[in-house]
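Subject: Structure handover

Hello,

Here is the structure you will be working with. Please open it first, then read the notes below.

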Amino acid sequence: MSISPGSSLFTLEVESEFPEPNPGQFVHVAASEELTLRRPFSIAGRPTPEKIDLLIEIRGKGTRALTDLPYRAPVSIMGPLGNGFSEPEGDGRAVVVAGGIGVAGIRFLAHELHASGRSVLALVGARTRNELLDHLLPPTTSDGRFEVAIATDDGTAGFWGTVCELLDRELDEIGRPSKVYCCGPVGMLAETAAVARDMDLPCELAFEEIMACGTGACRGCVIATKQGYRTVCKDGPVFDAREIVFEGAPCV
Ligand SMILES: Cc1cc2nc3c(=O)[nH]c(=O)nc-3n(C[C@H](O)[C@H](O)[C@H](O)COP(=O)(O)OP(=O)(O)OC[C@H]3O[C@@H](n4cnc5c(N)ncnc54)[C@H](O)[C@@H]3O)c2cc1C
Ligand code: FES
């Protein structure tokens, strides 16, 4: 089902032995017989125990091939892979932040936090109004326990600016949250990490590196952390923001 220009939501029926996934985990998908390497996608939701949602933005050959598959076509997936997000500490409001297709990485988490009765503020950004994916999250509730705020770079909807600028503004208003979670381009992860560091907030970031094996064997997906290079596929894709060494800072 197309949900914005260039992005589609897929619901896959999985085998009964498919393990229960955690929010933040991903599957490694064989996009077509012509492509040797699988492509990683976040588990973007779990409508029933036999189904998982994937939210896919067309970027190249693999995502195009998946989007062109006929209805009910069989697809080979490996997973669930990676570590996933951890629970917020304490009962305070959790803040989830997503830019563009990063909504795929936090959608499952947002639904689970909401279902567990926690108070959640979701901040969703996009370049422009018709690229926003906020409609894939639970709607704002009248009691304010789930609240969605949006930002667009061109000001065509919601806050005029980046979702990180919106985060900065919202944190000034709502006070100290239990945890900040973020999925999006690496620049956005770095900015979110900086905001969280300045306020000494717990913060988890979901990375989207290019992958090959998806299981920790090839080390093709490493990022720099304070403990040295770690694989996004096996040690991640979720990392404590305080552990990451963003470009320009030394990896020890
Ligand atoms: C943990 C994780 C979760 C993600 N979740 C999502 C999500 O939920 N939704 C989403 O839309 N995207 C997600 N992504 C990004 C997504 O995986 C990429 O957009 C996708 O892999 C692009 O594939 P492509 O074939 O369309 O693009 P391409 O650019 O054609 O290929 C992607 C990359 O794979 C490599 N590659 C391709 N072909 C070869 C080859 N023959 N030999 C060697 N390398 C090759 C290249 O390095 C290339 O840059 C996620 C990424 C990660 C790591
Ligand atoms: S993709 Fe091979 S180690 Fe991560």
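Leaving out neighbours within four places in sequence, Leu123 is in contact with Val95, Val97, Ala149, Ala151, Val163, Leu166, Leu167 and Glu170. Two residues are in contact if their C-beta atoms, placed from the backbone, lie within 7 Å.

Before going on, note that this is a predicted model, in which local features need pLDDT of at least 70, side-chain atom pairs count only at pLDDT 80 or more, and totals for chains, interfaces and linings use all residues. Residues are numbered from 1 along each chain as its sequence is written, while chains are lettered from A and ligands numbered from 1 in the order in which they are written.

The core

Leu123 is also among the residues with the most contacts inside the largest nonpolar core, together with Val96, Val97, Val103, Val163, Tyr181 and Leu205. That core has 65 residues. A nonpolar core here is a set of buried Ala, Val, Leu, Ile, Met, Phe, Trp, Tyr and Cys residues joined through C-beta atoms within 7 Å. A residue is buried if 20 or more other C-beta atoms lie within 10 Å of its own, exposed if 12 or fewer, and partly exposed in between. Helix α2 gives the most to this core, with 7 residues. At least three core residues come from each of domain 1 (2-81) and domain 2 (94-208); these bounds come from an automatic or database domain assignment.

The ligand

Which residues are closest to ligand 1? They are Gly60, Gly62, Thr63, Ala104 and Glu208, out of 25 residues that surround the ligand. A residue belongs to this shell if its C-beta atom, placed from the backbone, lies within 6 Å of the ligand. The elements that give two or more residues are β4 (39-42), β5 (51-57), α1 (61-67) and α2 (103-115), and β4 gives the most, with 4. Helices (H or I, at least four residues) and strands (E, at least two) are DSSP runs, numbered from the N terminus.

By type, the shell divides into 13 nonpolar, 6 polar and 6 charged residues. For this count, Ala, Val, Leu, Ile, Met, Phe, Trp, Tyr, Cys and Pro are nonpolar, Asp, Glu, Lys and Arg are charged, and the others, Gly among them, are polar. Domain 1 and domain 2 each supply at least three residues to the shell.

Backbone details

Most residues other than glycine have a negative phi, and most peptide bonds are trans. Against that background, the peptide bond from Gly79 to Pro80 is cis, with omega near -5°, and Pro80 sits in strand β6 (residues 77-81). A cis bond also joins Gly236 and Pro237, with omega about 10°; Pro237 is in the loop between β14 (228-231) and β15 (238-240).

Arg72, in the loop between α1 and β6, has a positive phi near 70°. Is Arg72 buried or exposed? Arg72 is exposed, because 6 other C-beta atoms lie within 10 Å. Asp200 has a positive phi near 55° and lies in the loop between α4 (186-198) and β12 (203-206).

The whole chain

The protein chain has 4 helices and 15 strands. Of its 252 residues, 43% count as buried. The C-alpha atoms fill a box of roughly 50 × 45 × 35 Å, taken along the principal axes.

Regards
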